[in-house]
Amino acid sequence: MKKTWKKNLSRVLSALMALALLASVGAMALAADSPITLALHYHRPDGDYADWDVWAWGEEGTPMEGIGVPFTEADGDSMVAYIPVPLGTTKVGYIVRKGGGNWTAKDISDDQYVYFPDVLSGTLHLYVESGVPDGELVDGEDLVRGILVTEARYDPDANVINISMSANLTQETDGAFTVTGPGGQVAVTSVSQTADKKYALTPAETLDLTESYTLTYDGMETKINMPNIFSTEGFEAQYTYTGDDLGATWTAEKTTFRVWAPTAKAVSVKLYAGGTEGVDDLIEKLPMTQDVNGTWVAEKSGDLNGTYYTYEVEVGGAVNEAVDPYARTTGVNGRRAMVIDLDSTDPEGWAEDKNPNADLGYTDAIIYELHVRDLSTDASSGIQNVGKFLGLIETGTKTPGGKATGIDHIKELGVTHVHLLPSYDYGSVDETRLDEPQFNWGYDPVNYNVPEGSYSTDPYNGA
């Protein structure tokens, strides 16, 4: 029985994870102050604000990432959360939620938004009544308004930057806009109005689609949205990699690392003694060499089985540390990948394992959908490995009344196939806090090819 996914599925998942890696490192937020404060005043008729906070985020293409903001101040019988809004963010989405990162409840199920396209600095007060959508927005006394760039998007075919403004420009446009890229300032040869509050800027040179650029107007920077090049025919022809050695390929003599990162300017492998993010246990940093079809390669002699690692990737002028999207296992919470000798983890009888229903037609299949944790969490199950992968295979378990439980009960029902809900490594359960009640269906994958750590007996140990 093979230990890897079926080849085609593996390639699809690997490509998806690689693209996620590139997106995460290539679409980094601009470093900016937060001159705007959104003060969200939240009122509950029952006066119970325990464990409530606000999840807020900026629309795509803005420098504001998602953040959880607590209520820190009383305003009469309401509570106030102060949300910092970076320059360049003109639309903020928010959800008033209970339970913080566990998301045990939402005040309103639908995402809520507030739009302020012409605010330069100061405080906006948003008054939100529990259960009522669309809060009331009120200007603070310190609020400053002006004309802003609300969107900038590059059209490579016409070599123009199309921009939207919060209002029509009244002053001279020559010299009003500055474009900056990885090599410094890019001259703007012309500016023309194309529609109401819309303008086209022509740069003196063609912009590199793999790089990041900013547009500055009236001292305020806006990220220029570049077109997605990953699905173009030219990109696919040049960068499609068909090899089966992505990730860390282990032998007792050496380990070879290969990652697909065609837009990267530099990539390194960072080797760690442990798998916990933030611990200062770096062993070595290995520079990778650019290789075929957008891949990067590095090799390290010796037996690295059990060594943890990450990739340090430079894309668009930003340097970020990322987990190997092709990792087979990781440390706690999936933040560091681990080199592994897969053969050493084979259970007894692995090589002889067979599908007992290989000859059964699809129309005769009896399928049982199953959540790994839920199978064994009831106190009457008699299963020892509660909430774990091992709990799935415990046999001989019974209720206090003698009824079969777990896998024995499923077999008694005549089930031929079990459909597992997400069992890859997902992000919504903190594996460092497994002594606390936590639950999620698991539809927020972090590492597609790695088992979920909270279902293991030791999430700190990749093996």
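Helices (H or I, at least four residues) and strands (E, at least two) are taken here as DSSP runs, numbered from the N terminus. Contact means heavy atoms within 4.5 Å, and Pro182 touches Glu211, Ser212 and Tyr213 when residues up to four places away in sequence are not counted. From C-alpha to C-alpha, Pro182 and Tyr213 lie 7.3 Å apart in space, with a separation of 31 residues in sequence.

The model is a predicted one, in which local features need pLDDT of at least 70 and side-chain atom pairs count only at pLDDT 80 or more, while totals for chains, interfaces and linings use all residues. Residues are numbered from 1 along each chain as its sequence is written, and side-chain values use heavy atoms, with hydrogens and water left out.

The predictor's confidence in each residue is given by pLDDT, on a scale from 0 to 100. The protein averages a pLDDT of 90, and 93% of the residues score at least 70. Over residues 1–32 the pLDDT is below 50, and this stretch has 55 contacts in the model beyond near neighbours in sequence. Where pLDDT is low, the predicted coordinates should not be read in detail.

Two strands are said to pair if DSSP finds at least two bridges between them. An open sheet of 4 strands runs in the order E15-E14-E18-E19, with antiparallel pairing. Strand E15 (184–186) and strand E19 (220–223) are at the edges with a single partner strand each, so one side of each has no neighbour in the sheet. From one strand to the next the twist averages 35°, with axes drawn as lines fitted to C-alpha atoms (for helices over the stretch in contact) and angles running from 0 to 180 degrees between N-to-C directions. Within this sheet, strand E14 (residues 177–181) and strand E18 (residues 214–217) run antiparallel and are joined by 4 bridges. Thr180 has Thr214 in E18 as its bridge partner.

E16 and E17 form a hairpin with 2 residues between them, and Lys197 in the turn has a positive phi of about 65°.

A further open sheet has 4 strands in the order E20-E21-E25-E24, again with antiparallel pairing. Its edges are strand E20 (247–250) and strand E24 (289–290), each with a single partner strand, so one side of each is left without a neighbour in the sheet. Strand E21 (residues 254–260) runs antiparallel to strand E25 (residues 295–301), and 7 bridges join the two. Val297 in E25 is the bridge partner of Arg258.

On a 1 Å grid over the protein atoms alone, a cavity is a set of points where a 1.4 Å probe fits but cannot get out, and lining residues have an atom within 4 Å of a point. Grid points are joined across faces, edges and corners, and a volume is the space filled by probe spheres set on the points. The count comes to 1 cavity of 30 Å³ or more, and the largest cavity holds about 80 Å³ of space. Its lining includes Tyr94, Ile95 and Val96. Strand E6 (residues 91–98) gives the largest share of the lining, 3 residues.

Notes
1 Å grid on protein atoms, 1.4 Å probe; cavity = no way out; pocket = protein on both sides within 12 Å on 5 of 7 lines; lining within 4 Å.
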